[in-house]
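Please keep the sequence and the 3D view at hand while reading.

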Amino acid sequence: MSSTPAPAGYSRAQVILHWLIVALILFQLLVHDGMEEAWRAMRRAGEEGGNPLPHIIVGSAILILAAVRLVIRLRHGAPPHPAGQPAALALLANVVHWGIYALLFMIPISGLVAWFGGVEGAASVHGGPLRLLLIGLVLLHIAGALVQQFVLRSGVLMRMLKPES
């Protein structure tokens, strides 16, 4: 265990990676029709249809950026939970954060296994339960940040909007 104190805020790299990954996830959620069409065509024995390349490239970028972000978090740390916050809120925040990290790895990997390995089960979990779980955790994450900022007035949201100096 490191004796280095936890940082007061997130580094510039952590903030940039956070918002870049957010943008890429939004892209994947909003522009995935070409991939679904290409998957269906491939499953029908080699028919042409859809362009999977943007989805594959962006998904791979999310995987790489998530790995970089995780390494930075493990090296730099993360700011502590607000003082006086109930233990249940801190636990929920930790579960949501680490759940999102896990899904940022599981979803792209399952997509790559589905597409390049032709594994139907990987495709099913990729576009189904894993995607829905990510959406749910992200919505919970956003709700938590908004409650922290506007109800509890802890300033937590500002840590991801303004990097630590």
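Among contacts in the chain between residues at least 6 apart in sequence, a share of 76% joins residues at least 24 apart, where contact means heavy atoms within 4.5 Å. The model is a predicted one, in which local features need pLDDT of at least 70 and side-chain atom pairs count only at pLDDT 80 or more, while totals for chains, interfaces and linings use all residues. Residues are numbered from 1 along each chain as its sequence is written, and side-chain values use heavy atoms, with hydrogens and water left out.

**Overall build**

- The chain contains seven helices and zero strands, following the pattern α-α-α-α-α-α-α along the sequence; helices (H or I, at least four residues) and strands (E, at least two) are DSSP runs, numbered from the N terminus.
- The C-alpha trace spans about 60 × 30 × 25 Å along its principal axes.
- Of the 165 residues, 37% count as buried, that is, under 20% relative accessible area with a 1.4 Å probe, protein chains only.
- Carbon and sulfur atoms account for 71% of an accessible surface of about 9900 Å², as given by the Shrake-Rupley method with a 1.4 Å probe.

**Helices H4 and H5**

- The axes of H4 (residues 87-117) and H5 (residues 120-127) come within 8 Å and cross at roughly 145°; axes are lines fitted to C-alpha atoms, for helices over the stretch in contact, and angles run from 0 to 180 degrees between N-to-C directions.
- Their contact is made by Ile107, Ser110, Gly111, Val113 and Ala114 of H4, together with Ala122, Ala123, Val125 and His126 of H5.
- These contact residues divide into six nonpolar, three polar and no charged, in a scheme that counts Ala, Val, Leu, Ile, Met, Phe, Trp, Tyr, Cys and Pro as nonpolar, Asp, Glu, Lys and Arg as charged, and the others, Gly among them, as polar.

**Ala114, in helix H4**

- Ala114 lies in helix H4 and counts as buried because its relative accessibility is 4%.
- Not counting residues up to four places away in sequence, Ala114 touches Trp39, Met42, Val119, Ala122 and Ala123.
- Ala114 and Val125 are eleven residues apart in sequence, and their C-alpha atoms are 9.5 Å apart in space.

**Gln149, in helix H6**

- Gln149 belongs to helix H6 (residues 129-150) and counts as buried because its relative accessibility is 17%.
- The side chain of Gln149 reaches the backbone nitrogen of Leu157 at 3.5 Å.
- Leaving aside neighbours within four places in sequence, Gln149 is in contact with Gly155, Val156, Leu157 and Met158.

Definitions and conventions. Buried < 20%, exposed > 50% of the residue type's maximum accessible area, 1.4 Å probe, protein only. Polar contact = N/O pair within 3.5 Å; in protein donor to acceptor, adjacent residues only side chain to side chain.
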